[in-house]
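I set out to record, in short entries, what I looked up in this structure.

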Amino acid sequence: MKYDVTIIGSGPGGYVAAIRCAQLGMKTALIEKYDTLGGTCLNVGCIPSKALLDSSEHFYNAKNHFKAHGIGLTNLKVDLKQMISRKDEVVSQTVAGIDFLMKKNKIDVLHGIGSFMDSHTISVKGHEKETIIESDKVIIATGSKPASLPFIKLDKKRIITSTEALSLKTMPKHLIVIGGGVIGLELGSVYARLGTKVTVVEFLDSLIPNMDKSLGRELKKVLKKQGFEIYLKHKVTAVTVKGAKVSVKMEDTKGEEKSLEGDYCLVAIGRKPYTDGLNLEKAGLETDASGRIEVNDQLQTKTENIYAIGDVVRGAMLAHKAEEEGVFVAETIAGQKPHINYLLIPGVVYTWPEAASVGYTEEQLKEKGISYKSGSFPFRASGRARASMDIEGFIKVLAHKETDEILGVHMIGPRAADMIGEAVVAMEYRAAAEDIARISHAHPTYTEAFKEACLAATANRALHI
Ligand code: FAD
Ligand code: NAI
């Protein structure tokens, strides 16, 4: 079989690249080693985690907030089996949607492990047969897998990754989470809301340390109120299992040892690029020291006809980043001149309150020596937030000191994941804080806090604080 473009990996990078290639008139094949399409994001990442976050949030609100709203409930309980099965149903529906899109766009889907025989020839080893295909161009979109520590043996029963945490059969009594990043806090939130004791051990001095430090500080406060126990600046030195018990040993910065006992330990210390089985060397390629495939600004590898996108290359490991890169490569192959502004790829953490960020952090501006002014608005002062009892958090706007151009927006609060979109649009069009401050925002909405933070950034003229 001969194709114009073959994509290896059907995650958000790969399947979106396939659709755009097909739209541009290329004969396209998509190879996926698993039986379902959609990759990490749809099967064991973004979608199932958000399904469980929503379910657990309903329970948490029913238990903790309904009474204040004047709603009485008796016999409230969690049916974990049903919660997980609803999540599975959401995943099945979403994955089926990708099958539909492949058919609609006349993309040939081949299930099996894709391995290079040379730079234009790929073997696809399925359950029953091997198919050899020839392709003019190839896009590698093989994604990532959970990272671990050399002394940890992931038994996937008691010492687990995010994948197992999304399908537990019994409710953990005490979940110990290694890593205070996105996965640790999102999946930690799921179980904390359902009544599990959750302890987070983070190596650095802040939660979500890659984001503006103000978000980690605020998140630590709110998560502690929700029952989280948090150890910052602690290094895990051993994790062992005995029967149904997991022990975690850790050390603080002074070398003092502590140990924790729980029934599950979630290892969430990042993800590593995945290239196993690809036979990269047959295509003249190798990976760098972190396991990534190196690419140039066009996302082209050193073998001219092969491109790579998503988690397997440099940059944020995010579904929407992978999607942008999928479209970028398809259009580049078609001879167009697309562009991605990596500074404006937003980051979101789906805790409650949600945290979201775009542009430079305050720490980065300081490091770069860019002069800036900062304006914040707390949700405590928002009528909409008071109405929904979501008064924790704030929106912080960082604008250039002289030009007033918005350089970064960092928020923690209700629906921050959706609100960050306005900041992305503003920054894409290089808006000044004054521009947003003069745009009418519907009342009462959470987005008024963004306008107020922009007012605060422009000569400290917020109206409601
Ligand atoms: P992947 O989605 O990893 O897909 C790669 C695919 O390639 C897989 O299906 C794999 O089976 C296949 N493959 C690999 N090797 C071969 C081979 N040799 N032959 C054939 N097929 C192969 N990101 C967000 O933006 N928002 C979120 O809310 C979010 N939540 C997440 C929650 C969790 C628990 C996790 C783990 C991740 C989350 N992410 C989220 C990250 C997101 O899932 C990834 O950034 C995204 O899936 C990367 O897309 P990708 O296309 O590069 O790779
Ligand atoms: P992460 O990089 O977000 O967090 C890992 C955390 O573990 C960091 O805070 C790091 O300092 C800490 N850490 C590293 N080694 C440690 C050690 N030995 N002991 C203690 N702490 C240690 O990675 P995470 O949470 O595993 O997520 C992986 C990827 O998946 C992320 O890159 C993220 O972008 C993506 N993801 C995105 C989501 C979203 O967009 N909402 C949700 C979940 C995952």
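Two strands pair if DSSP finds at least two bridges between them. I took helices (H or I, at least four residues) and strands (E, at least two) as DSSP runs, numbered from the N terminus.

I note the basis of the work: this is a predicted model, in which local features need pLDDT of at least 70 and side-chain atom pairs count only at pLDDT 80 or more, while totals for chains, interfaces and linings use all residues. Residues are numbered from 1 along each chain as its sequence is written, chains are lettered from A and ligands numbered from 1 in the order in which they are written, and side-chain values use heavy atoms, with hydrogens and water left out.

Entry: the sheet.
I looked up how β12 is joined to strand β13 (residues 245–251), and found seven bridges, the two strands running antiparallel. In β13, Val246 is the residue opposite Val241. Both strands belong to an open sheet of three, ordered β12-β13-β14 with antiparallel pairing. I recorded β12 (235–242) and β14 (257–262) as the edge strands, each pairing on one side only. From one strand to the next, the twist averages 20 degrees.

Entry: the helix pair.
I next examined helix α3 (residues 46–64) against helix α4 (residues 80–104); they pack at an angle of about 140 degrees, with axes 9 Å apart. Axes are lines fitted to C-alpha atoms, for helices over the stretch in contact, and angles run from 0 to 180 degrees between N-to-C directions. At that angle α3 is oblique to α4, given that angles under 35 degrees count as roughly parallel, over 145 as roughly antiparallel, 65 to 115 as roughly perpendicular and the rest as oblique. On the α3 side, the contact (heavy atoms within 4.5 Å) is made by residues including Ile47, Pro48 and Leu52, and on the α4 side by residues including Met83, Val90 and Thr94.

Entry: Thr199.
I located Thr199 in strand β10 (residues 197–201). Its relative accessibility is 0%, so Thr199 counts as buried; buried means under 20% relative accessible area, exposed over 50%, and partly exposed in between (1.4 Å probe, protein chains only). Beyond its neighbours within four places in sequence, Thr199 contacts His174, Leu175, Ile176, Val177, Glu229, Tyr231 and Leu260.

Entry: Thr275.
I found Thr275 in the loop between β16 (271–273) and β17 (306–308). Thr275 also counts as buried, at 17% relative accessibility. Its C-alpha atom is separated by 6.5 Å from that of Thr142, 133 residues apart along the chain.
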